[in-house]
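Colleague: Before I use this model, I would like to go through the terms in its description and ask what each of them rests on.

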Amino acid sequence: MSNGKPLNVVGKPFRKVDARAKCTGQTKFADDIFLPRMLACKILRSHEPHARIKNIDLSKALALPGVFAIVTGKDFPIPYGILPVSQDEHALCIDKVRFVGDPVAAVAAIDEDVAFDAMNLIEVEYERLQTITSIEEGLFVEEPRIHEYGDGGNVHKKVSLEFGDVDEGFAEADLVREDTFFYEGNTHLPMEQHAAVAHFDADQKLTLWSSTQTPHYVHRALVKVLEIPASHIRVIATPNGGGFGGKSDPFNHEVVVSKLAMMTGRPVKCTLTREEVFYCHRGRHPVLMHVKTGVKKDGAITAMHFKSFLDGGAYGSYGVASTFYTGALQTVTYDVPRYKFEGARVFTNKPPCGPKRGHGTPQPRYALEVHLDKIAEQLHLDPAAMRRQHLVPPNTVTANYLRIGSMGLGECIDKVVEGSDWRSKFAWSESVPGAIATGSPSPRRTDPVATAPGTDLIRRLPYGRGIGIACSSYICGAGLPIYWNNMPQSGVQLRLDRQGGVCVMCGSTDIGQGSDSILAYIVAEVLGIDPFDIRVVTADTDLTPVDLGSYSSRVTLMTGNAAIQAAERARELLTLAVAEKLGVPIENISFAERRAFDVENPEVGVSFAEAVVLAESKFGTIGTVGSYSPPRSPGKYKGAGVGPSPAYSYSAAVAEVDVDPSTGIVTVERIWIAHDIGKSINPALVMGQVEGSVYMGLGEILMEEMSYRANRNVVHKFPSLLEYKSPTTLEMCDVKTYLIEDPDPNGPFGAKEVGQGPLLPVMPAVANAVYNAVGVRIDEVPITPEKVLKALREKERGRDPRFGPTSIPDVDWPEPLRVLTPAEGGDGREMPRVAVHS
Amino acid sequence: MTNGTKQKAHISLTLNGEPCEVAFAPHKTLLEVLREDLGLTGTKHGCELGECGTCTVLVDGKSILSCLMLGLDAEDRCVETIEGMADGATLHPLQETFADTGAAQCGYCSPGFMLAAKELIEKSPKPSRDEIKEALSGNLCRCTGYIKIYEAVELAAAKMRGEKMELPRESLFGIE
């Protein structure tokens, strides 16, 4: 890729290409768009959690001066949804509402005030239905059904997969441990409220500007619902004022403003209120989990059985994928030779859950890492050393057929252990003082955690102060697209003009992570120019080739590879023309500092602009394309679509906390975090993602939760930025970051993801540190002072010093789909069921 | 607007150092007047309830939440928004350092942070990390974890004091 030449752009902390616009207030977010004659749209939302719509009377609202149009569910008979298997949403509800906040009618009016007034004049008659409010009810209350599809009653999806014989694995174990955990739901809380502007222009074509992470999927949804040709719809994703997964679904307000613009012939804008953003949600699923793991004395895992129960809220969203994700990535961190996963997602009458940063994996990661901590204590092992010793080997295939490439977790653990002075701070002080020494397995000589000299294993932290460790891994892009097709997941088009201008076009969407800049850096590197010479055009379905969107940490890896291909193709044309002009062999031509030159005679060369002129003279207009499709996954069984990725990133975190035993308040002093980035395209942006991930993880573990009033009305308790607690500057902890570069052959210049992975170890590291501080296990996220106090009280009374769920529902799981592991000679396909029973 | 009975208010103020007149529906907040009637969309909103700090602007040099102030109350006051921060084409040191450190990720909260930080630096030219945290505690950011913002403010303050200061290598590359 770099042909061995030194890198001039990649690896350097350049400004983002859009930094100046963002720092001068010139970036146009969706709500910053004001068009002549634009109407304002407001959406009337249900105040009933579950009800039939008996009647909607629009007459008073329609009579209000300044009202131009009102639409209801009748105007949107065609359902949509992000996943082909869950087409269960209507832009406005047709016959029933499923949660408080479900959209019922929408008004287009001369301004927002009139639209609000009109909304208040719409009369909706509801007939209340029994509400389904919890995982238990979703599993066992079959009527009324929230949806007429799924795996029976109010169960949306049930899955059961077994890789190898886990019972055999448990039989080989020295210790089998079972634990139960609950992870409360929380939400993305982007600072920008979602907004969309639609314009049906003079040539009868629709343009939609929207704060979406996935313009391509919005485009597809509009084609379906509005029944107009794709070529007549243009979706432009405006820069997102934060996304975190919350702007990844096609949303009702996007469909509604499109329809209203078509009906009124005027531009229509809808900007959600903060309260409405809470109702859009699609955030972290509440998940109840049970994990059973068999281990040898040294902590080597012999088998694992993971069960998860997801509260999905009122719609499908990404939920089927989320369900699989709660069971997919357990195997890509530590070596798990046999693995069984059972998962169930239920519908409830709450705002729909979906993908939030880490999509479906923070919950099981928290459970697994706390569970491993308990195992380490039971085995009298150092939890850092135990993890370090049993990592999944690089370049292998896991029991569930995920192909591991580069794996830098060992170095990540070493860094945070050294940085945090783990060895002199940590010990199982309360229950097994000093036990770490007696129970320790014989360490590998290369393992600095276990072999470090000077470890006296005596706890030095006072009661109330504690330290904890956790690790994690994450995908660098989902291996499969959301809808089945054989086309690339990412496309880049490059246009070079005779003045030396370079324009990069790509469907990717910058949500603040810097994806526009990544395109510029990579193309600049390949062509030897300055990233600020490049014009980047992104996220416009009329102008840019498809990129599937900013989700699953796919953008740097996939668009980056596509950009390299496009730029290398352009460089090839330039090379041919320049070599001919200079009369030197093509392999001698190199590009740097805005020049193309002879490497043996660097002063002999032409400017980049002249190189383009030469190439354009020889070949005609210079435009190239590049595209990227992930490698095929070795897994062929049903359900193998979730989990495969071209590469996996790894993170390790150590948290040091103070717990006040009199108040239960947990203060996180510092987090040391190491992330295996493969290769930083821009280290400053990587640092920003790591620090932002630690911040968001801190919010999840200490305070953030979607909670509902404890009655059958299922009303969100506090849909506001004041009452939904998130960390301010005063709660944010100190962060010490280490970037580990273990380049992955599938990544552009070796790069892997960073947007999501570093969030994952934060929650369990803090939970483990709380235990280390005061000796209580909080097996339920978030760790609030109330829970800490309750657990401390249990401890004082000599009872189980923990807070958390004690049981899981007794569910009839389907017969598991059985797959032989690679070690057992499996081919990635499920075994015929008859063979299992024979 | 609907039936011609609404009367627009008409005020004059100093906006980003220039005299300005504007007419608007009298119930509008300063935030709405800035964005909708003056076309200055650099001032953002995150809640419109005074909870997030995103709409921070300076009025007579003091940071206020423009979603909680009536436009009418801006009469004869000096209002400064993000659009007025640069000196012509020369960026304010805070704008430079926010851009350089990556303190603006999605950039949505950045105008509010920069204006709140400007007030701080004008009051306290060499703010400590704790002073910065305190001064910015009313502004929410979901992207950065605030750390790059602190660093940007410290760098800008040094710049404004005429001191040379560079970010430590570990802030940009991680700890070696």
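Colleague: Which residue is the bridge partner of A:I56 in β6(A)?

Modeller: The bridge partner of A:I56 in β6(A) is A:V124. This is a predicted model, in which local features need pLDDT of at least 70 and side-chain atom pairs count only at pLDDT 80 or more, while totals for chains, interfaces and linings use all residues. Residues are numbered from 1 along each chain as its sequence is written, and chains are lettered from A and ligands numbered from 1 in the order in which they are written.

Colleague: What makes β2 and β6 of chain A a pair?

Modeller: Two strands pair if DSSP finds at least two bridges between them, a strand being a DSSP run of E with at least two residues and a helix a run of H or I with at least four, both numbered from the N terminus. Strand β2 (residues 51-57) of chain A and β6(A) are joined by six bridges in the antiparallel sense, so they count as paired under that definition.

Colleague: Why are β4 and β6 of chain A said to stand at the edges?

Modeller: The open sheet has three strands in the order β4-β2-β6 (chain A), with antiparallel pairing. Because β4 (96-97) and β6 (123-128) of chain A each have a single partner strand, one side of each is left without a neighbour in the sheet.

Colleague: How do you know that β1 and β2 of chain B pair?

Modeller: Strand β1 (residues 9-15) and strand β2 (residues 18-24) of chain B run antiparallel and are joined by seven bridges, and within β2(B) the residue B:V22 is the bridge partner of B:I11. Their hairpin has two residues between the strands, and B:N16 takes a positive phi near 50° there.

Colleague: Why is chain B described as having domain 1 and domain 2?

Modeller: Domain bounds come from an automatic or database domain assignment, which for chain B gives domain 1 (9-84) and domain 2 (93-165). The centres of these two domains, taken over C-alpha atoms, are separated by 21 Å, and their contact takes 16 residues from domain 1 and 13 residues from domain 2 of chain B.

Technical notes
Contact = placed C-beta atoms within 7 Å.
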